Amino acid sequence: MKKENHTLVSEFTFQGFSSFCEHQFTLFIMFFALYILTLAGNIITVTVISLDHHLHTPMYFFLSMLSASEIVYTVIIIPKMLCNLIALSQSISLAGCATQMFFFITLAINNCFLLTAMGYDRYVAICNPLRYTVIMNRRVCIQLVLGACSIGLIVATTQVTSVFRLPFCATKVAHFFCDIRPVMKLSCVDTTVNEILTLLISVLVILVPMGLVFISYILIISTILKIASAEGRKKAFATCASHLTVVIVHYGCASIAYLKPKSENTKDQDQLISVTYTVITPLLNPVVYTLRNKEAKDALLRAIGRKLS
């Protein structure tokens, strides 16, 4: 029986932004600045929410969990990407790649379901305000957060196990981090089964929560339109605008990245989409929620006032 000639691969090399060789340093400066802003914005959000008792509500509890998740999410991807841009190290071990992929999948899915929990919170607040504190009690909020994290852990374990059981022959990852499809492309064998599994999981973890969020918003909008006063309608819409902005960007990028046919985009287009959900979206959360939300702005000003006094 003929033995298969599979090369033993011990590490991968990121091709990163090799198409933009002459702009590597410019990209480094731009991504480094965005990374610092993202970390600062999310750390400030978590700190202000934990310190200000006015923000100890379900909506801000979910926002603080989302910001904490985004901090870890960016830490596992962006520092390595920045090192690759200035050519300090473009390689990653198989174990390192599997670890990065595991945390990326866990946190990305956790964020999807946290946004769904936030949509449910807005639905209860507007459609059932009299029972809001009873329905959205602390136990329910913690259960929703733990549920989001558990789904992420289960899916990540399934995906990483299925990908890293494959034999690898090539070593050059056509990406700036260990995403599922670019790593699968390095396998020596047919990955159709893995592709189908990835698509099925993507449908479940993107379309299901996205569907639940949009059902929530259909019910929310129908309730808002029944409010008699224009001022009341405006206030109700304002409480949802920040969340809806983040939801559209987050699910939009995830859908384009994981629900499109695998050969539809070029490598550069795929990387541009990836930059949006790994660099831009985590920055969007604190910016949108702080700039569009009076309560958050007031809490931030109170925190700054206490610090200065």
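**Helix H8 and its surface**

I looked up Val208 and found it in helix H8, residues 192-224. Helices here are DSSP runs of H or I with at least four residues, strands are runs of E with at least two, and both are numbered from the N terminus. The model is a predicted one: local features need pLDDT of at least 70, side-chain atom pairs count only at pLDDT 80 or more, and totals for chains, interfaces and linings use all residues. Residues are numbered from 1 along each chain as its sequence is written, and side-chain values use heavy atoms, with hydrogens and water left out.

I checked how open Val208 is. Val208 counts as partly exposed because its relative accessibility is 40%. Buried means under 20% relative accessible area, exposed means over 50%, and partly exposed is in between (1.4 Å probe, protein chains only).

Val208 belongs to a nonpolar surface patch with Leu204, Leu212, Ile215 and Leu219. Together they have about 440 Å² of accessible area. That area comes from the Shrake-Rupley method with a 1.4 Å probe, and for residues only the protein chains shown count as cover. Patch members have over 30% relative accessible area and no salt bridge; nonpolar side chains (Val, Leu, Ile, Met, Phe, Trp, Tyr) are joined within 5 Å, like charges within 9 Å.

**After H8**

Next I followed the chain to Ile227, in the loop between H8 and helix H9 (230-258). Ile227 is partly exposed, because its relative accessibility is 27%. Apart from neighbours within four places in sequence, Ile227 is in contact with Gly232, Arg233 and Ala236. Contact means heavy atoms within 4.5 Å.

**Salt bridges**

How many salt bridges does the structure hold? I found 2. The term asks for a side-chain nitrogen of Lys or Arg within 4 Å of a carboxyl oxygen of Asp or Glu.

One joins Arg181 to Glu195, with the closest N and O atoms 3.5 Å apart. This pair links distant parts of the chain: Arg181 is in helix H7 (residues 180-184), Glu195 in helix H8, 14 residues apart. Arg181 and Glu195 are both buried.

Asp121 pairs with Arg122, the closest N and O atoms being 2.8 Å apart. Asp121 is buried at 0% relative accessible area. Arg122 is buried too, at 8%.

**Core and buried helix**

I then turned to the largest nonpolar core, which has 90 residues. Phe12, Phe31, Phe104, Ile105 and Tyr277 have the most contacts inside it. Helix H4 (residues 94-127) gives the most to this core, with 16 residues. Such a core is a set of buried Ala, Val, Leu, Ile, Met, Phe, Trp, Tyr and Cys residues joined through side-chain atoms within 4.5 Å.

Helix H3 (residues 78-85) is largely enclosed by the rest of the structure, because 6 of its 8 residues are buried. Among the buried ones are Lys80 and Asn84. Ala87 follows H3 and has a positive phi, near 55 degrees.

**Record check**

Last, I read the UniProt record. Its unreviewed entry annotates "transmembrane region" over several spans, including residues 140-158 and 196-225. UniProt positions are given in the numbering used here, feature names are shortened, and annotations may be inferred rather than shown by experiment. In the model, residues 140-158 are 100% helix and 0% strand, with end C-alpha atoms 27 Å apart. Residues 196-225 are 97% helix and 0% strand, with end C-alpha atoms 42 Å apart.
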